[in-house]
Amino acid sequence: MTGNEPTLCVENLQTYFYTKSGVIKAVDDVSFTVDKGEVLGLVGESGSGKSVTGFSILGLVDPPGRIAGGRIRFKGHSLTTLPEKEWRNLRGSRISMVFQDPMMTLNPVLRIDTQMIEAVTAHENISRQEARTRARDALGQVGIPSPDERLKAYPHQFSGGMRQRVAFSIALINKPDLIIADEPTTALDVTIQAQILHEAQKLCRDTGTALIWITHDLTVIAGLSDRVCVMYAGRIVEAGGINQVLDTPHHPYTYGLIGSVPSRNKRGAPLAQIAGMTPSLLNLPPGCAFRQRCPRASRACLTEPEIHELKDGRAVRCFHPYEEEATA
Amino acid sequence: MLAFTVRRLLQSVIVLFVMSIIVFLGIYAIGNPVDILINPEADIAEQEATIRRLGLDKPVWTQYFTFLTNVLQGDLGTSFVHNEPALLIILERLPATMELAVGAVGLAIIIGIPAGIIAGLYPDSIIGRGIMAGSILGFSLPTFWVGLMLIMLFSVMLGWLPASGRGDTVGFLGVQVSFLTWDGLTHIFLPAFNLALFKMSLVIRLARAGTREVMLQDYIKFARAKGLSNVRVIGVHVLKNILIPVVTVLGLELGSVIAFAVVTETVFAWPGIGKLLIDSIGNLDRPLVVAYLLMTVTMFIIINFVVDILYSLLDPRVRLGDMKA
Ligand SMILES: Nc1ncnc2c1ncn2[C@@H]1O[C@H](COP(=O)(O)OP(=O)(O)OP(=O)(O)O)[C@@H](O)[C@H]1O
Ligand code: SF4
Ligand SMILES: [Mg+2]
């Protein structure tokens with residue numbers, strides 16, 4: 001293993017749900033890498049396959065879903081060929097995840113200390129007392145006051161923001177190499193959101209932890225991530241450095257997403273909306289999945305566009321991408 | 001907690017009082033014990049003496065009032081038939097019923113919870129479907145019929161287990177119990193299983209429904225994302241959540257287990273209070289029937305109280321102070 005091996009390398013990942021009514025290609029041909037200490041944004045509207053991508057990396061895709069193709073390499077080791085037990089050993093110790101709804105992620109009938117200590121003892125053979133000390137320190141680290149007392153509390157005794165901090169501290173407790181944060185701030189108010197974002201960013205810089213930040217809101221990751229992948233209907237349609245993508249989006253979908261972000265509009269101007277709805281992933285028609293909603297669609301778009309590598313590490317999956325001058 | 005207890009106690013007294021009136025009037029309506037108790041050949045003077053001795057010549061309200069005064073002094077009346085204090089007779093038989101009921105609930109839990117969890121985890125598998133089919137049978141087959149079938153199969157045809165009685169008993173904390181002797185165990189197994197069947201089916205359904213619901217929760221996925229083993233996820237995270245409804249319902253049902261024991265005790269000739277009740281109703285032994293019913297109501301009240309406390313211990317979100325008593 002060389003020093004500049006990326007923390008995570010996903011290649012042509014396909015995660016399909018084999019339901020009674022047909023195959024749902026929730027993730028189809030998704031590739032990206034995340035380097036040590038890097039923050040990768042994963043953006044897309046609801047149902048675009050962001051969470052399923054995250055669960056695939058953890059090996060937690062629920063039946064009837066499974067990884068149907070592609071490779072996931074973590075620090076040079078292939079995860080997809082790993083026996084379940086070894087994959088489980090990585091979960092929560094080397095790769096951890098924070099979920100969207102802090103009200104639902106903690107078990108309501110178990111005390112915080114139980115839920116934190118088990119996260120440690122599942123991976124390390126240490127005494128409860130040591131694990132407890134570590135849990136207390138982890139709570140302190142995410143800014144929870146009087147952690148010793150709070151350890152004895154139950155989840156319902158915390159506010160939503162505090163619960164998300166607890167979830168983060170559980171994710172951090174074993175000093176993982178990669179954290180997948182699945183819209184962790186969506187359910188929180190703006191101030192707390194900003195605090196958590198700031199702390200997450202600082203953490204990655206300080207410890208070299210790689211971070212995948214999933215969101216449907218581009219503004220959230222504008223100041224946070226280094227690179228961004230835009231997903232649509234299970235595929236990555238555009239990828240690149242966050243600033244370049246925000247300044248000169250190439251894909252019509254990204255273009256629409258940025259248009260619908262309030263802060264980038266002129267004050268008082270009506271919000272641009274992307275017309276239409278996400279297509280059903282069941283029986284996707286052939287060709288570009290964005291076709292029905294795309295202002296630039298042409299006959300060419302009836303066939304499936306491939307993803308093109310552009311300069312500066314950017315990539316786009318479109319026959320008629322916007323060029324730089326298109327966004328004024 | 002204190003306020004809750006006091007409130008609950010006051011309510012219990014009222015419930016008991018109302019119950020005593022209903023029971024007393026009800027038993028009065030069933031029939032006149034004089035017809036059964038008194039030798040028809042006895043002369044009129046003798047008959048009237050007996051009626052007066054039992055207090056049956058007075059109007060019903062006076063009889064009730066006498067009864068109530070006695071109860072407040074701890075005297076639930078004297079059995080017409082046994083000529084002994086009713087309470088004493090019941091207390092003598094109570095351990096047998098309690099042992100049977102606790103055994104039945106224990107079996108319902110030990111078999112029902114794992115079976116329900118398996119059925120909830122693999123609802124479409126053969127074993128999951130089999131468990132559900134079994135629970136439907138347990139719900140729908142009448143207890144006495146299953147009891148007879150159990151006797152037929154295990155006692156008559158296979159000869160493995162005895163069909164009636166308590167077997168050898170030993171003293172335990174001052175009462176006679178069967179479950180501590182091998183002979184007693186073989187005697188209690190069939191009736192306890194028979195009595196457990198209905199509750200077991202109930203537990204299976206609750207555990208299965210709970211498991212299916214809990215497994216979909218984010219906190220289960222989060223627990224797995226922490227890298228916990230399946231044993232820990234199911235044995236701690238799932239189990240603790242499904243225990244809440246199971247314990248609540250089972251606790252409340254413990255009273256009805258005691259009530260249902262009437263059937264099982266009759267089928268298996270188990271010498272508990274259920275069998276005593278049936279015999280007493282047959283003899284129109286008023287004091288004994290009234291004492292039995294009041295005892296049962298008291299037991300229900302105590303059980304509900306204990307269940308509420310257990311519930312608040314299991315579910316940290318519930319505090320007794322907030323609960324409607
Ligand atoms: N258990 C499942 N069974 C069947 N299909 C599923 C299942 N889970 C996810 N899917 C499919 O995968 C698609 C992608 O789901 P995913 O949860 O990854 O979306 P998302 O991008 O995270 O959306 P959101 O922003 O709403 O969280 C969904 O549209 C759904 O059709
Ligand atoms: S490929 Fe065609 S339809 Fe798809 S986004 Fe590009 S222009 Fe629009
Ligand atoms: Mg999601």
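Predicted model: local features only at pLDDT ≥ 70, side-chain atom pairs only at ≥ 80, totals over all residues.
Residues are numbered from 1 along each chain as its sequence is written, with chains lettered from A and ligands numbered from 1 in the order in which they are written.

**Around ligand 1**

- A polar side-chain atom of Ser46(A) sits 2.5 Å from an oxygen atom of ligand 1, and a backbone N or O atom of Val52(A) is 2.9 Å from an oxygen atom of that ligand.
- On its own, ligand 1 has 630 Å² of accessible area, and the protein covers 69% of that (Shrake-Rupley method with a 1.4 Å probe; for residues, only the protein chains shown count as cover).
- Two elements of chain A give two or more residues to the shell: β2 (22-34) and α1 (50-58). Helices here are DSSP runs of H or I with at least four residues, strands are E runs of at least two, and both are numbered from the N terminus.
- The top contributor is α1(A), with three residues.
- In total 13 residues surround ligand 1, and the closest are Ser46(A), Gly47(A), Ser51(A), Val52(A) and Glu183(A); to be near, a residue needs a heavy atom within 4 Å.
- Sorted by class, that shell has five nonpolar, five polar and three charged residues. Nonpolar covers Ala, Val, Leu, Ile, Met, Phe, Trp, Tyr, Cys and Pro, charged covers Asp, Glu, Lys and Arg, and the others, Gly among them, are polar.

**Around ligand 2**

- Ligand 2 has 13 residues around it, with Cys288(A), Cys294(A), Cys301(A), Cys318(A) and Phe319(A) coming nearest.

**The four-stranded sheet**

- In chain A, four strands make an open antiparallel sheet in the order β2-β1-β4-β5; strands pair if DSSP finds at least two bridges between them.
- β2 and β5 (77-78) of chain A are at the edges with a single partner strand each, so one side of each has no neighbour in the sheet.
- Strands β1 (residues 8-19) and β4 (residues 65-74) of chain A pair antiparallel over eight bridges, and Cys9(A) has Arg73(A) as its bridge partner in β4(A).
- Helix α1(A) packs on this sheet and touches β1, β2 and β4 of chain A, its direction making about 110° with that of β1(A). Contact means heavy atoms within 4.5 Å; axes are lines fitted to C-alpha atoms, for helices over the stretch in contact, with angles from 0 to 180 degrees between N-to-C directions.

**The eight-stranded sheet**

- Eight strands of chain A form an open sheet with mixed pairing, in the order β6-β7-β8-β3-β9-β10-β12-β11.
- Its edge strands, β6 (95-98) and β11 (308-309) of chain A, each pair on one side only.
- β6(A) runs parallel to β7 (residues 178-182) of chain A over four bridges, with Ile95(A) opposite Leu178(A).

- Most residues other than glycine have a negative phi, and most peptide bonds are trans.
- Pro63(A) and Pro64(A) are joined by a cis peptide bond, with omega about 10°; Pro64(A) is in the loop between α1 and β4 of chain A.
- Asn12(A), not a glycine, has a positive phi of about 50°, and its place is in strand β1 of chain A.

**Chain B**

- Chain B has twelve helices and two strands.
- Its C-alpha trace spans about 85 × 55 × 35 Å along the principal axes.

Methods:
Heavy atoms only, no water. Polar contact = N/O pair within 3.5 Å; in protein donor to acceptor, adjacent residues only side chain to side chain.
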